[in-house]
Amino acid sequence: VKTREHTAPMGDNTKSLFVAGQKGKMRIGNELYKPVSQRSYEVTFYERVQDPNDELHVFKPYVPAYKGVRKVTSEDGVETDFLVMDDLLAPYSKPGCMDVKVGLPHDPVLRANLTRSGVANLLGCFVHGVDTEKMVYLNRVEGYIGREVSVGLFQTIMKTFFEAMGKSPKLENDVIQLSKILERFPGYLFDSTSLFFIYEQDPASSTPPSMYLIDFERVRITSSLEPDWPVITSLNHVANKMHIAWEERRRTVLYLVAEGEETSGNEEVISKNISERLGYTRAHIISCAHSKKSLESVIPLAKKLEVKIHVERGLTCPEEINGVETILGENSENFDLTNWNTEEEKPETEERQTIIDKLINAHDKARESNFDKKEDETTDLIIFAALDVVQAAMDSLVPKRTKLVPNSISVLVRDATDRKLWQILSLNELGHLKVL
């Protein structure tokens, strides 16, 4: 194949290539040409996906159709190998598209360089680029750096895009299925992989929206017995953002903050991380243990959300209950000291989940009483408690056994059809953060 280094004139479809930041890509007819890096695993990945006897064949419905590797000679005689696949934008006359990078980098140097308050560090995914009639963000163009933006801007971009796309239960289910498939691949690391969403903006066209998993240059296979949990967590977050954009009534999201032991002066940093991560939630109630550590760590978040903190003495040890007013000092106005649970003594560990259950039930009743409002804005419940208390709650709410780590956040969302069931969106968020 002979072609110019730069192909067709810049139209909507060609411009949209830059959303994914694909340097050197070319569109020829209805095919996309992507230069092959010598160290890239991408060609091997696509070839394995084509083999019905290979375990990676399960990904075939979710990746672009692979056409092989072809040599391309430029006008100056330079020959380059290109991976050829279907042009995902070809079916659309006026595509709107978004590239979402999923998962954290596994390279410790790259991870250490992530901006601490950026969405990539706090949530594990980010919008690399988006191009629609309503908004355009291209990575490292006009000051937009996707991995460094706030969680709030990330959520706004996602909500705006999926609302414009329109409800697609199929795509939401595809993201969920991909998450489940990845759980079956221990040892595989999917660094810099993306979800690529496309929808038709031309009202005269009826082409349905689509979603693909793309970018496998940095896929690696290790001896680990665990799957790539950061990628799986990212996919769950994306699926939830789709659901939030389309559902009539927002589901309750439960944030369980598992506190650890005293951390030698790092409490302020941990509290700041939690405040940044949860600063864009719609908290109806922040409930915390009646302990010095809980009270002090939750204050920055409460001030940011402008929500009062409910102090539940059933979540802590009896000897830690006294002196709360002294601990709070000038911050006492931010707290509600009225118990939902009337027990004075702390129950045994195996019974502590009953305290969490009571908090959830009280939250539900309060939410129901406010549902006649025009918008059901305050829907989330945040609980700060010791690691063993949060672990007991997790074990009672989710049948899948999970081990939580200190100073982390785990996110559960209520099932869309059965209110008694909870789904895990993510586990042990912030557990990767190290004090600099």
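Let us start with an open sheet of 5 strands, whose order is E7-E6-E5-E9-E10 and whose pairing is antiparallel. At its edges stand strand E7 (136-138) and strand E10 (210-214); each has a single partner strand, so one side of each is left without a neighbour in the sheet. On average, neighbouring strands of this sheet are turned by 30° against each other, with direction ignored. Keep in mind as you look around that this is a predicted model.

Now move to strand E5, which covers residues 95-102 and pairs with strand E6 (residues 125-131) in the antiparallel sense over 6 bridges. E5 also pairs with E9, again in the antiparallel sense, over 7 bridges. Towards E6, cysteine 97 stands opposite aspartate 131, and in E9 the residue opposite cysteine 97 is isoleucine 198.

Helix H6 (residues 169-182) lies across strand E9 (194-200) and E10, and runs at about 25° to E10.

Is E9 mostly covered or mostly uncovered? It is mostly covered, as 7 of its 7 residues are buried. Before you look at its side chains, here is a handy rule: in a regular strand the side chains alternate between the two faces of the sheet. In E9, Ser194, Phe196, Ile198 and Glu200 point one way, while Leu195, Phe197 and Tyr199 point the other way, and all are buried.

Next, let us visit two loops with backbone angles worth a look. Most residues other than glycine have a negative phi. Serine 192, in the loop between strand E8 (188-191) and E9, has a positive phi, near 65°. Aspartate 215 also has a positive phi, near 70°, and its place is in the loop between E10 and strand E11 (218-221). Aspartate 215 has a relative accessible area of 3%, so it is buried.

Finally, let us turn to empty space. Rolling a probe the size of a water molecule over the atoms shows where such space is left.

The largest pocket holds about 1200 Å³ of space. It is lined by 46 residues, and those nearest its centre are Ile232, Asn236, Ile424, Leu425 and Ser426. Helix H4 (119-122), H6, helix H7 (229-246) and strand E18 (422-429) each supply at least two residues of the lining. Which of the elements gives the most to this lining? That is H7, with 9 residues. The lining of the largest pocket divides into 21 nonpolar, 15 polar and 10 charged residues.

Key:
Residues are numbered from 1 along each chain as its sequence is written. This is a predicted model: local features need pLDDT of at least 70, side-chain atom pairs count only at pLDDT 80 or more; totals for chains, interfaces and linings use all residues. Side-chain values use heavy atoms; hydrogens and water are left out. Two strands pair if DSSP finds at least two bridges between them. Helices (H or I, at least four residues) and strands (E, at least two) are DSSP runs, numbered from the N terminus. Axes are lines fitted to C-alpha atoms, for helices over the stretch in contact, and angles run from 0 to 180 degrees between N-to-C directions. Contact means heavy atoms within 4.5 Å. Buried means under 20% relative accessible area, exposed over 50%, partly exposed in between (1.4 Å probe, protein chains only). On a 1 Å grid over the protein atoms alone, a cavity is a set of points where a 1.4 Å probe fits but cannot get out, and a pocket is an open set with protein on both sides within 12 Å along at least five of seven lines; lining residues have an atom within 4 Å of a point. Grid points are joined across faces, edges and corners, and a volume is the space filled by probe spheres set on the points. Ala, Val, Leu, Ile, Met, Phe, Trp, Tyr, Cys and Pro count as nonpolar, Asp, Glu, Lys and Arg as charged, and the others, Gly among them, as polar.
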